[in-house]
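Here are some notes to read with the model open beside you.

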Amino acid sequence: ASGDHVPALVIGSGYGGAVTALRLTQSGIATAVVEMGMAWNTAGSDGKVFCNVLNPDQRSYWLRTSTDQPIGYFLGISANKSIGRYTGVLDSEKFAGIRVYQGRGVGGGSLVNGGMAVVPRRDYFAQILPSVDLASMYDTYFPRANTGLGVNAIDPAWFETAECYRFARVGRDQAKASGYPTTFLNNVYDFAYMKQEQANTVPRSALASEVIYGNNHGKRSLDKTYLAAAAATGRLSITAQHVVTAVVPSSAGGYSVTMNQIDTAGAVVATKTVRADKVFFAAGSVGTSKLLVAMRALGKLPNLPDAVGQGWGNNGNVMVARANHIWNTTGALESGMPAMGIDNWADSAGPVFAEIAPFPAGTELWISLYLAITKNPNRAAFSFDSSTGGVGLNWQTAWNQPAIDAAKRVFDTINKKQVTVYRSDLFGVNKVWGDDFTYHPLGGCILNQATDNYGRLPGYPGLYVMDGSLIPGSTGVNPFVTITALAERNIEQILTIDSF
Ligand code: FDA
């Protein structure tokens, strides 16, 4: 409630926020998490909390009147449809040159993502975050993150026979035939549950085209792992549907945090201000960067360093699909959770780590879809627009050319070997590359540049950054394990050194 005083306030309930909340509450510190999205714990009139990708309704998108699907076309025709304007679970946030997909709700991106839990290559991590001690990351914090997240491995024997992974076996075999190694990907989706789905003994989720708009079963999202453990301490409060709009030093000590309570149509129903001794920014790469850049520009946190707002990247994301021959079926039933990746990262002429992605349309489409992660060196910056009061991002679509070039090396080779072609009808009309959106926003508040080596904001004791904005635009694999492990490392140090 307005006027409250809390020892610790966490903005956002994704990976960075959930780790922070657990470790603070376990240390005896009462912690308030403020989340702009909904709690996603109540079933709709269809008995389900989330909708699937085949029948998106108002629950799918954050405050939009039509869907904005990553694969927005089929046979060159728009695949989007009208929906009610609602605080849905997936935000497609539009900047000038890129749409940034993000989860909205208690659990952040963990509600919508594909669950792939991949530890980055050690040598690449050393390149991107040279100030972080490698041994402690790989010996302590990555294992701790995997445990906290509930990461599990697919049973390789089951993978070989499961109908729902035919698409992944086809993708693997075609990659191998072109000389590209593949690797199994761990996941936070409960593979034991998925086996039962395949056997039809439990309600289906991953096997019912559920992904990107949430999973009704099987997914160990943060509300079931880190946040549930934090709640079990009795020291956690989570306030959903509240958007933090300002953080300023308070004359009474600590910081005063202003937030708008919103209804499910996005309308502001109340504005509240609370005082917090410590404030942890965990609103995601975009959310944290936007807030801090605005606070600096408006003179509320004027001494934030110039590096705040810099160094944003899309993890080199680019999507592409291939059309297989009629005899190369990918299956009518595809698990929404990927289980295999093509690893061509060792290719210095264009490192690529590509997830063999599902296209869970519920019907045979002969499509092989990939989300490629590349080493695109381009970086963008956030800046405050005084005319609109908003914060923009100067990424240009053309900056994704290095990602296309690297991915093209791999998929041109596979097409040549298979005598197949790209699909050009899924990302637009006659458009092969899904190059104008990302699932992996990273950076904007880089560790040891915008913050100290543990996420402390210089000049403002008690302000911390804990999320994907710390990572300099790239981590070479799907990012949430990196974000979680880095948050584990930073909060441990903060709890040891800083006084609470
Ligand atoms: P995250 O975005 O998770 O959390 C930030 C939270 O803060 C959100 O809940 C947001 O609503 C809230 N917030 C923002 N501004 C706020 C404000 N002003 N006030 C209050 N709350 C605010 N990664 C991976 O490793 N494997 C995968 O398989 C996938 N797949 C995937 C699919 C899709 C569709 C998406 C969109 C993303 C993925 N990802 C992924 C990426 C992964 O989900 C992402 O990197 C993490 O969720 C980022 O974690 P953070 O803690 O940085 O922010």
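1. A residue is called buried here when its relative accessible area is under 20%, and exposed when that value is over 50%, with partly exposed in between. Please keep in mind that this is a predicted model. Ser209 has a relative accessible area of 7%, so Ser209 is buried. You will find Ser209 in the loop between α6 (191-198) and α7 (226-231). Its backbone deserves a look too: Ser209 is not a glycine, yet it has a positive phi of about 60°.

2. Most residues other than glycine have a negative phi. Trp366 is another residue with a positive phi, again of about 60°, although it is not a glycine. Trp366 sits in the loop between β14 and β15 (367-374). Is Trp366 buried or partly exposed? Its relative accessibility is 28%, so Trp366 counts as partly exposed.

3. Now to the ligand. Which residues come nearest to the ligand, out of the 35 around it? They are Glu35, Gly109, Met116, Gly468 and Phe480. Several elements each supply at least two residues of the shell around the ligand: α1 (15-26), β6 (99-103), β9 (242-249) and α10 (480-497). The largest share, three residues, comes from β9.

4. An oxygen atom of the ligand lies 2.7 Å from a polar backbone atom of Phe480, and an oxygen atom of the ligand is 3.0 Å from a backbone N or O atom of Gly16.

5. Next, the aromatic side chains. Searching the whole structure gives 21 aromatic pairs. How are the rings of Tyr124 and Trp345 arranged? Their centres are 5.1 Å apart and their planes meet at 70°, so this pair is edge-to-face; the label applies because the angle is over 60 degrees. The pair links distant parts of the chain, as Tyr124 belongs to helix α2 (residues 122-128) while Trp345 lies in the loop between β13 (340-344) and β14 (352-357), 221 residues apart. Tyr124 and Trp345 are both buried.

6. A second pair has another geometry. The rings of Tyr165 and Phe167 have centres 5.9 Å apart and planes at 35°, so the pair is tilted. Tyr165 is buried, with a relative accessible area of 0%, and Phe167 is buried at 2%. Tyr165 and Phe167 also belong to one aromatic cluster, together with Trp158, Phe159 and Phe184.

7. Charged side chains lie over aromatic faces as well. Lys278 lies over the face of Phe500, at 4.8 Å from the ring centre. Arg104 lies over the face of Trp62, at 6.0 Å from the ring centre.

8. Two asparagines are worth a visit. Asn453 is in the loop between β19 (437-438) and β20 (463-465), and at 18% relative accessibility Asn453 counts as buried, because the limit is 20%. Its side chain makes a polar contact of 2.6 Å with the side chain of Ser131. Leaving out residues up to four places away in sequence, Asn453 touches Ser131, Val132, Leu447, Asn448, Arg489 and Asn490.

9. The other asparagine is Asn376, in the loop between β15 and β16 (382-385). Asn376 is buried, with a relative accessible area of 3%. A polar atom of the Asn376 side chain lies 3.0 Å from the backbone nitrogen of Asn378. Setting aside neighbours within four places in sequence, the contacts of Asn376 include Asn314, Gly316, Trp395 and Trp399. Asn400, Pro402 and Ala403 are also in contact with Asn376.

10. Finally, a look at the start of the chain. Gly3 is in the segment before β1 (5-11). Is Gly3 buried or exposed? Gly3 is exposed, with a relative accessible area of 64%. The C-alpha atoms of Gly3 and Pro377 are separated by 45 Å, and these residues are 374 residues apart along the chain.

Key
Residues are numbered from 1 along each chain as its sequence is written. This is a predicted model: local features need pLDDT of at least 70, side-chain atom pairs count only at pLDDT 80 or more; totals for chains, interfaces and linings use all residues. Side-chain values use heavy atoms; hydrogens and water are left out. Rings of Phe, Tyr and Trp (its six-membered ring) pair if their centres lie within 6.5 Å; planes under 30 degrees apart count as stacked, over 60 as edge-to-face and the rest as tilted. Helices (H or I, at least four residues) and strands (E, at least two) are DSSP runs, numbered from the N terminus. Buried means under 20% relative accessible area, exposed over 50%, partly exposed in between (1.4 Å probe, protein chains only). A charge sits over a ring if NZ of Lys or CZ of Arg is within 6 Å of the ring centre and within 35 degrees of the ring normal. A polar contact is a pair of N or O atoms within 3.5 Å; within protein, one must be able to donate a hydrogen and the other to accept it, and residues adjacent in sequence count only if both atoms are side-chain atoms. Contact means heavy atoms within 4.5 Å. A residue is near a molecule or strand if one of its heavy atoms lies within 4 Å of it.
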